[in-house]
Amino acid sequence: MSALLDSFATAFDALAARDAAGLGESRRNALDSALRDGLPGPRSEAWKYTSVRALERRAFVAPPAIATVDAEALAALTKAIPSPRMVFVDGRFDAGSSVLDGLPEGIEALPLSRVLHEGTPRDANVLQRRYAGADQVFAVTNAALAEEGAVIRVDRAIDATLHLVFVATSGDIGVHLRHLIDLRNDASLSLVEHHLALGEDRGLANHVGHVHLGQRARLSHVRLQAAAAGTSLFARTDAVLAREADYRRTDLELGGALSRHELNVRLEGDKANLQADGVLLADGRRHVDTRLGIEHIARDTTCTLGWRGIAGQRGRVVFHGGIEIRAGADGSEANLSNKNLLLSANAEIDTQPVLEIHADEVKAAHGATVGQLDANALFYLRSRGLGEAEARALLTGAFCREIVAGIEDAATRALCEDALERALARLGA
């Protein structure tokens, strides 16, 4: 067994909330499944372009019961993030840095640890979902080890933005968090999920999120991943949309050493709508992998997917955009665009758009491109007096800023623009 799986087993034995809410048996079964199936290898189609061979030789320790972090540094880090907010440090909920007093009526935001210890077994059902096969080993491990996360329930339209802040400090700490975002019929919410670092973190972060949108519910979701350069981050989001639900999200993958996000969305209600856009940026030796799995199940559903990838130096971007229009999902519309920019001869981009149609009377299009900066555009800018580095930076920035410009909330958009500028600076762009 690998050092990574060994460390998962050790963490399970020390898990304080192992039996909370009657989860002991299901957690043990999940761990046994992960240890039995092992880590995905190169023969796994879903992991064909993303190797975990180097990671499997590493061991990660469980987070301390109470996060030890410089309070002043943490306060300075979170000060720029508006409230209301929930802050998690090294996988633990930090009540002191969180600000939830101003939550409007109709929204409940709780740490999962509180739900496990005070709620009913039904409240913890989110941890009993089963996953099969080595392809999903990190989700299976999450089911075994998660004891913290954000549980958010909304039963009306909320005119506020809730921030979920995940801070990692230094050390080889492995954290597993499970989140639930549940919007009832006609509810709405703006949510910002922010991953960042204090210090040179080299840990492992494993997030699984469940998004449930009731009829006519509307969720605006921005995920800003700006983890430390040594972090390994695995994330999975499973969303289910009811009739006329509207899910709009923007993902910025800007940090970490190895990051992988799986976004799975089921459009189960008639006229449900998904708009998901993102920027994938790989500099240095970063490896960033995003995998979409969109299922049109009901009639007249729509999805619009626009993703931009940039790879420079020795970075690698991997993108899989899968759309399936099921039989009976007539009237559906699906559009996927994945444009990628190579800035170095040593960088690599692998893109795979997949479209399966099993229904009649649908509109669907998908496409992917990989290229370099336009030589004519560079020549034009240089002829107007710009230096080569300045011209390249201008074109590279314009390539991906369009995605950020689509974020509706001005404060959130400014936060993302600032993070993107810093990431582009690492590329020399």
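A residue counts as buried under 20% relative accessible area, exposed over 50% and partly exposed in between, with a 1.4 Å probe and protein chains only. Aspartate 238 is buried by this rule, at 6%, whereas arginine 129 is partly exposed, at 37%.

The model is predicted: local features need pLDDT of at least 70, side-chain atom pairs count only at pLDDT 80 or more, and totals for chains, interfaces and linings use all residues. Residues are numbered from 1 along each chain as its sequence is written, and side-chain values use heavy atoms, leaving out hydrogens and water.

A salt bridge is a side-chain nitrogen of Lys or Arg within 4 Å of a carboxyl oxygen of Asp or Glu. The count comes to 36 salt bridges.

| Pair | N to O distance |
|---|---|
| arginine 129 – aspartate 238 | 2.9 Å |
| glutamate 408 – arginine 218 | 3.1 Å |
| glutamate 253 – arginine 223 | 2.5 Å |

Glutamate 253 lies in strand β11 (residues 246–253) and arginine 223 in strand β9, so their pair ties together parts 30 residues apart in sequence; strands are DSSP runs of E, at least two residues, and helices runs of H or I, at least four, numbered from the N terminus. Glutamate 253 is buried, at 1%, and arginine 223 is buried, at 1%. Glutamate 408 is exposed, at 54%, while arginine 218 is partly exposed, at 30%. Arg129 and Asp238 also belong to a network of salt bridges that includes Arg236, Arg260, Glu262 and Asp289.
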